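Subject: Structure handover

Dear colleague,

I am passing on the structure that you asked to look at, and my notes on it follow below. Please read them with the model open beside you.

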Amino acid sequence: RSGTLLIRGGTIQTAESALRADILVRDGIIAAIGDGLDTSGADVLDAGGLLVIPGGIDPHTHMEMPFMGEVSSDDFRTGTEAAVAGGTTMIIDFAIPEPGGSLIEAWRVWSERAKKAVCDYAFHVCVTHWSASVASEMETLVRDHGVNSFKHFMAYKGALMVDDGVLLSSVGHALSLGALCNVHAENGDAVAHLQKTLLERGITGPKGHPLSRPPSVEGEAAQRIIAIADVLGAPIYIVHVSTADATDAIGRARANGQRVFGEVLAQHLVIDDSVYDTDDFRSAAAHVMSPPFRPKSHQAKLWAGLANGTLQTTATDHCCFCAPQKANGRDDFTKIPNGTPGIEDRMSVLWHHGVRTGRLTPAEFVAVTSTNTAKIFNIHPRKGNVSVGADADLVLWDPNGTRTISAATHHQRVDYNVFEGMEVTGLARTTIAGGHVVWHENQLHTVPGSGRYVARPPFAPICFPHADTGAAG
Ligand code: DUC
Ligand code: ZN
Ligand code: ZN
Ligand code: ZN
């Protein structure tokens, strides 16, 4: 192929505006936008009747992750192939150190695994303990390795969980480095206590999972991390907000001027806790993820949060385990590997249940699937945007195309789909990653290893609202 691509006849939909114009892509970059472009020698893609949107960015995935005695079944090749088939062109995965181990080593291990990715990627690096060497490794990661975000688990006691002391040290240190902290907000002590109580009462099946992680467990942790961030004057990003409790806590903090960000998963927006209301172990276990699915009443709050800006990003926490892996917890729900797939279907689910229902405008759809994530993690306007000079990560989005979601046809390497049977309107006709057509007319054209690591620069201290910049106030 020529390396030059003309996308002709589409409507460019960004988080800002809709514009009828052609796009010229050269050497992986958007070279020109307009009409009557000089296109000699270019391959032409007809986008008539389609929207041209910035490729989706999923800020929360777990490819090939060792977790709860298993390894998640999608690796960086299959997981990113599923991503581009669904219109997502970048992921931010999580590099997790060995217990007590090196953060830089974790970054290296994940970098090695990601070499087979077919779209661009970056890593949040997890802080799972605290020491002087962790602090200095954080500094090295920010300075030399393009990391500007660190992740913390307030749950998974005895494994990944950190206490408030670690949170205070790490969030405060990250602030000084110009990095943003992420948190999984669930009270891990409460979860461990409830798990023990439930097992003692003989509740060993998957029905115990949501009972061990009720909404207040998330609400408490969200309020606590918001208070800790406020004490430090640091921004904070709360992953997979699944409850009215946490959404309200974020809304209050933002109303008070605190810089708190919230992410919501496509799964939590449309699936409720009735999935646990079955004696079929396989089906219930397939839906064991944390936070769990919630009573339906929470969903309206999550959608409202996206529409009113309380929640800014959508993700999937894509973390696949097949039935034999889930079966590890047949006699004890606490041993079911936590996680659900989602990366291939996030964009369609958001369009169908968001835009088609009038909950989101097309511009808001682009914001919450791509642009806001690029801004929050400091890779905008290179990512999350359609502008001259930006990376040519683009999707020719058919707002009226329909498909039925199914594990029988998906590209995710997992034996079920939580959206099985859902008919959705809105799909990726063509996906372009780094200037290459990687998905077209229902076919993958991917090259393992064509994805690139995206180094993310730290934030200038002035960009953090409460940071002590030496200025008055
Ligand atoms: N929750 C999951 O369901 N899987 C991976 C990690 C997490 O926090
Ligand atoms: Zn090429
Ligand atoms: Zn989590
Ligand atoms: Zn996760």
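Asp27 sits in the loop between strand S4 (22-26) and strand S5 (29-34), and its phi is near 50°, a positive value in a residue other than glycine.

Please bear in mind that this is a predicted model, in which local features need pLDDT of at least 70 and side-chain atom pairs count only at pLDDT 80 or more, while totals for chains, interfaces and linings use all residues. Residues are numbered from 1 along each chain as its sequence is written, and chains are lettered from A and ligands numbered from 1 in the order in which they are written.

Met68, which is not a glycine, also has a positive phi, of about 50°, and belongs to the loop between strand S9 (66-67) and strand S10 (70-71). Met68 is partly exposed, because 19 other C-beta atoms lie within 10 Å. Strands (E, at least two residues) and helices (H or I, at least four) are DSSP runs, numbered from the N terminus.

There are also cis peptide bonds to look at. The one from Ser290 to Pro291 has omega near 0°, and Pro291 lies in the loop between helix H10 (281-286) and helix H11 (297-308). The bond from His380 to Pro381 is cis, with omega near 5°.

Best wishes

Conventions: Buried ≥ 20, exposed ≤ 12 C-beta atoms within 10 Å, placed from the backbone.
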